[in-house]
Amino acid sequence: MVIVKTTVRRDVLTLPVAPTGPENPLPPLRPPGDPHIPDERAKDGLPRDMARQVGYEPLRSLLPVRPLDGYGRKRTETPLDTLVIENDRLRATVLPGYGGRVHSLLHKPTGRELLYRNPVLQPVGFALNGAWFSGGIEWNIGATGHTTLSCAPVHAARVTAPDGGEMLRLWEWERLRDLPFQVDLWLPEDSDFLHVGVRIRNPHEKPAPVYWWSNIAVPEERRVLAPADEAWRFAHPGGLRRVPVPVSDGADRTYPPRSEYSADYFYDVPDGARRWIAALDGDGHGIVQTSTDLPRGRKLFVWGTGSGGRRWQEWLTEPGTGGYAEIQSGLARTQLEHVRLEAGAEFSWLESYGPLSARADLVHGDWAEACAETGARLADALPEEAVDAAYAAWLARADTEPGEVLAVGSGWGALEVLRAECKLPGTPFDESTLGAEQAPWLELLRSGALPEPREVAPPGPTLVNRNWRDMLETAPARPLTEYHLGVAQWHEGDRAQAVRSWERGLELASSRWPLLRCLAVADAVEGHLERAADRYAEAFDDLCQERRDDGAAWTEATAALGREAISALLAADRPQAARAVWDRLHETTRAEGRFRLVEAQILYAEGDMAAVRAVFDEGFEAADLREGAETLGDLWTAATGSEKIPARYDFRVRP
């Protein structure tokens, strides 16, 4: 038999893709709305360490990341750059432009795809900052929820593997927590298992909260197994309770189709037990994931068979292509927790992914026997000692400098490395990656002054960590500096100072709308709805007068500010003013599905229920619906008086 040497190569994959669109230029000043935040009662009775980590450093805002919510639902055949690592047993296809996600993991001897491989790439509003898509294996770092890097490029390069072959390294700077991380994909020759070495480093002088979950999408017609007899069940809207495994509330929940509503099951794997999770089909075939001991969490996520869960499954792909569930592996027992990483320290571990076959009669029988059979077959295929040995071999190579660069991520890591003068062996953030967005901040770092823009344009992103805030506070007090300083102060919770900075900037600013919008948000947060509405109206008027063209940047700014202004005006019971903003939006913007929903909301406020019903009857798709959103159903019920929501608008994931 000829053994194929492991290779890493570039390739192209063509899929129906809906473009993610430009970033929303409005800084996200409000706390992120995430359905995975537990209510306070849910914390009662938790183990002490879990309760502590649930309350440890929750995310206050998305800053410095900006929302990515300008995508639609129109997909076109699009070539995507991929990176492929394969030997004679496995082929892993990676999307470096989309967070380094593993799109496909093919077992070549059997021809089996081990993952749920989404046939389309359709962004939906599930990431912390918006755009996310389903399928494959995703690397979630940052805070509770899907990473802000879901639809962002990462750095990638070829590296020498521990066995002398080739390894694929992915790395980036995670901006919510200001932490660099790397993911090394290593496929030893003649191995059925893809090893994934993960390292998160804290180069700062203070501890940092860390979140990590590897999410593996699998076809939902599987039984999900893990070595646990209990799980922590989390379901909308915020309940967390301990339940037995496999049967709870009268059904075996280890089969995804036996759950009616969306839920997370965090398996409580006992200390000392081997860490693994598997999803096996009716014949006992499927995928298994295992790791070294540091990632203690294992989880099953199901959409459920209710009308809302099925609608979400259709929404994420093409109707008729089959649903999926997720099996996951994380640092903590649940995704509601953040783990403390000390200053100057790092977390590192190894995960392994591969095919598993077990006796079907045992896998689909008694739970204890099913877990024993699965664990035994895993021990045959990949002994625990082999995983530990692979981890040790990989860790010795984790600092190896990359060779050929295969993909380029953002320039934010290079900027932070320059600022902090930190050394990060193995993950170079080269100055050549600095771009236009980093340019003004590089000038601030080098000269102590933030340059005013040379041409009229929406403001760029704001940096908000304490180091950048300190530089902004000592920089010359120009309008744009006051704008960015106010955003940084707001992020840190110093709202009064933020308002003062924005008001100072407003006195001299030629471009007033960014500052007015920030002040409007501050008014709304404090409950001053009328003043917020006034400022939003003034900001939108100023933007329309300043707008230079119909290019992507100005169109997105107009859409984003217009949408917020309409919401504020409706909250102040001023539908006529909201209609005036609507009329000044671009025609193409008003035709978007997300703005057809806005139109229906205006019509409802105007009291024209027949017109609201007509918008629904004509049909629209609000592309950026968030997970757990019930906006469409609530508006339908309020406008029509009907409790029966049309299936295409029913996204409810709870009873």
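This is a predicted model: local features need pLDDT of at least 70, side-chain atom pairs count only at pLDDT 80 or more; totals for chains, interfaces and linings use all residues.
Two strands count as paired when DSSP finds at least two bridges between them.

**Entry: strand 8**

I began with strand 8, residues 137–141. I found it mostly covered, with five of its five residues buried. Which way do its residues point? I137, W139 and I141 point one way, while E138 and N140 point the other way.

Next I looked for a partner. Strand 8 pairs with strand 14 (residues 212–219) in the antiparallel sense, over five bridges. I picked N140 and asked which residue in strand 14 is its bridge partner. I got W213.

Then I traced an open sheet of nine strands, and I wrote down its order as 15-21-22-26-12-11-10-9-27. The pairing is antiparallel. Which strands sit at the edges? Strand 15 (223–225) and strand 27 (405–407) do, each pairing on one side only.

I then checked what lies across the strand 15 end of the order. Helix 4 (residues 367–381) lies across strand 15, strand 21 (276–280), strand 22 (285–291) and strand 26 (346–357). Against strand 15, helix 4 runs at about 70°.

**Entry: helix 7 against helix 8**

Two packed helices are described by the angle between their axes and the distance between the axes, so I looked up both. Helix 7 covers residues 439–447 and helix 8 covers residues 466–474. Their axes come within 10 Å and cross at roughly 70°. Angles of 65 to 115 degrees count as roughly perpendicular, and helix 7 and helix 8 are therefore roughly perpendicular to each other. I noted the crossing as left-handed.

Which residues make the contact? From helix 7 I listed W441, L444 and L445, and from helix 8 W468, M471 and L472. I sorted these contact residues by type and got six nonpolar, no polar and no charged.

Most residues other than glycine have a negative phi, and most peptide bonds are trans. I went looking for exceptions.

- The peptide bond from L63 to P64 is cis, with omega near 10°. I placed P64 in the loop between helix 1 (48–54) and strand 2 (76–86).
- V245 and P246 are also joined by a cis peptide bond, with omega about 10°. P246 is in the loop between strand 17 (239–244) and strand 18 (247–248).
- E421 is not a glycine, yet its phi is positive, near 55°. I found E421 in the loop between helix 6 (412–420) and helix 7.
- D573 isn't a glycine either, and its phi is positive at about 60°. D573 lies in the loop between helix 13 (552–571) and helix 14 (575–584).

Are E421 and D573 buried or exposed? E421 has a relative accessible area of 68% and is exposed. D573 comes out at 63%, so I wrote it down as exposed too.

Conventions. Residues are numbered from 1 along each chain as its sequence is written. Side-chain values use heavy atoms; hydrogens and water are left out. Axes are lines fitted to C-alpha atoms, for helices over the stretch in contact, and angles run from 0 to 180 degrees between N-to-C directions. Helices (H or I, at least four residues) and strands (E, at least two) are DSSP runs, numbered from the N terminus. Angles under 35 degrees count as roughly parallel, over 145 as roughly antiparallel, 65 to 115 as roughly perpendicular and the rest as oblique. A crossing is left-handed if the near helix is turned anticlockwise from the far one by less than a right angle, and right-handed if clockwise. Contact means heavy atoms within 4.5 Å. Ala, Val, Leu, Ile, Met, Phe, Trp, Tyr, Cys and Pro count as nonpolar, Asp, Glu, Lys and Arg as charged, and the others, Gly among them, as polar. Buried means under 20% relative accessible area, exposed over 50%, partly exposed in between (1.4 Å probe, protein chains only).
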